[in-house]
Amino acid sequence: MDTETKAQLKATLDGYLETSRHRKTSERYAILDAVCEMTGHFTIEDLGERLLSRNFPVSRATLYNTISLFIKLHIVIRHRLPAGTRYEICDMENNHCHQICNVCGKITEIKSQIVIDAVGAIKLQRFRREGFSLYIYGICSTCMAKNTRSKTLMEQQKNK
């Protein structure tokens, strides 16, 4: 993430904490730095491990409370997926689709200009669009291949 975007996120957090008279704790800013370093989807455990690797251990409660605050401030977006809850940095310029395998839970991000244009063309009433995520559920090629191999083996065993 570039330094300008990181500075904007920090300014967003600063502004909220000042106006709502919350404390500016080192934990919140350390978590913000760690979130900015994460690429793609991450879990609370991934975030905790990142902080621990920097010798900055943070309790699970602090992680969850801070992530909830970041969701409220549109710094982070939460994805509730079949494989569990994942988070990612909220980048309104990076609208994308998620392919999610129903078998193994693998998540692949794809960019589709057709979808981006279609969502952009939707006429919304009394609503300001900020971004979107689209979920496409199915079966990945790896799981399909495993499934085909399993069926072939079963058929071969039946025919013996």
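**Helix contacts**

Tutor: Leu13, Tyr16 and Leu17 of helix 1 meet Leu69, Phe70 and Lys72 of helix 4. Contact means heavy atoms within 4.5 Å. Helices (H or I, at least four residues) and strands (E, at least two) are DSSP runs, numbered from the N terminus. This is a predicted model: local features need pLDDT of at least 70, side-chain atom pairs count only at pLDDT 80 or more, and totals for chains, interfaces and linings use all residues. Residues are numbered from 1 along each chain as its sequence is written, and side-chain values use heavy atoms, with hydrogens and water left out.

Student: At what angle do the axes of helix 1 and helix 4 cross?

Tutor: Axes are lines fitted to C-alpha atoms, for helices over the stretch in contact, and angles run from 0 to 180 degrees between N-to-C directions. Helix 1 (residues 3–19) and helix 4 have axes that come within 11 Å and cross at roughly 100 degrees. That makes helix 1 roughly perpendicular to helix 4. Angles under 35 degrees count as roughly parallel, over 145 as roughly antiparallel, 65 to 115 as roughly perpendicular and the rest as oblique. By class, the residues of this contact are five nonpolar, no polar and one charged. Here Ala, Val, Leu, Ile, Met, Phe, Trp, Tyr, Cys and Pro count as nonpolar, Asp, Glu, Lys and Arg as charged, and the others, Gly among them, as polar.

Student: How do helix 2 and helix 4 cross?

Tutor: The axes of helix 2 (residues 26–37) and helix 4 (residues 60–72) come within 10 Å, crossing at roughly 70 degrees. Helix 2 is therefore roughly perpendicular to helix 4. Helix 2 contributes Glu27, Arg28, Ile31, Leu32 and Val35 to the contact, and helix 4 contributes Thr62, Leu63, Thr66, Ile67, Leu69 and Phe70. Seven of the residues in the contact of helix 2 with helix 4 are nonpolar, two are polar and two are charged.

Student: Next, the strands. Which way do strand 1 and strand 2 run?

Tutor: Strands of a sheet pair through backbone hydrogen bonds, either parallel or antiparallel. Two strands pair if DSSP finds at least two bridges between them. Strand 1 (residues 76–81) and strand 2 (residues 84–89) run antiparallel and are joined by six bridges. His79, for instance, has Arg86 in strand 2 as its bridge partner. The two strands are connected by a hairpin through two residues.

Student: What is the order of the strands in the open sheet?

Tutor: The open sheet has three strands in the order 4-3-5, with mixed pairing. Strand 4 (107–110) and strand 5 (133–138) are the edge strands, each pairing on one side only. From one strand to the next the twist averages 25 degrees. Strand 3 (residues 96–101) runs antiparallel to strand 4, and four bridges join them. In strand 4, Ile110 is the bridge partner of Cys97, and Thr108 is that of Gln99. Five residues lie between strand 3 and strand 4 in their hairpin, and Gly105 in the turn has a positive phi of about 85 degrees.

Student: Which residue other than glycine has a positive phi near 60 degrees?

Tutor: Arg21 has that phi, near 60 degrees, and is found in the loop between helix 1 and helix 2. Arg21 is exposed, with a relative accessible area of 80%. Buried means under 20% relative accessible area, exposed over 50%, partly exposed in between (1.4 Å probe, protein chains only). Arg126, also not a glycine, has a positive phi of about 50 degrees. Arg126 lies in the loop between helix 5 (113–121) and strand 5 and is exposed at 87% relative accessible area.

Student: What does Tyr137 contact, leaving aside its neighbours within four places in sequence?

Tutor: Tyr137 lies in strand 5 and, with those neighbours left aside, is in contact with Leu81, Pro82, Ile100 and Asn102. Tyr137 counts as partly exposed because its relative accessibility is 43%.

Student: How many helices and strands does the chain have?

Tutor: The protein chain has six helices and five strands. Of its 160 residues, 29% count as buried.
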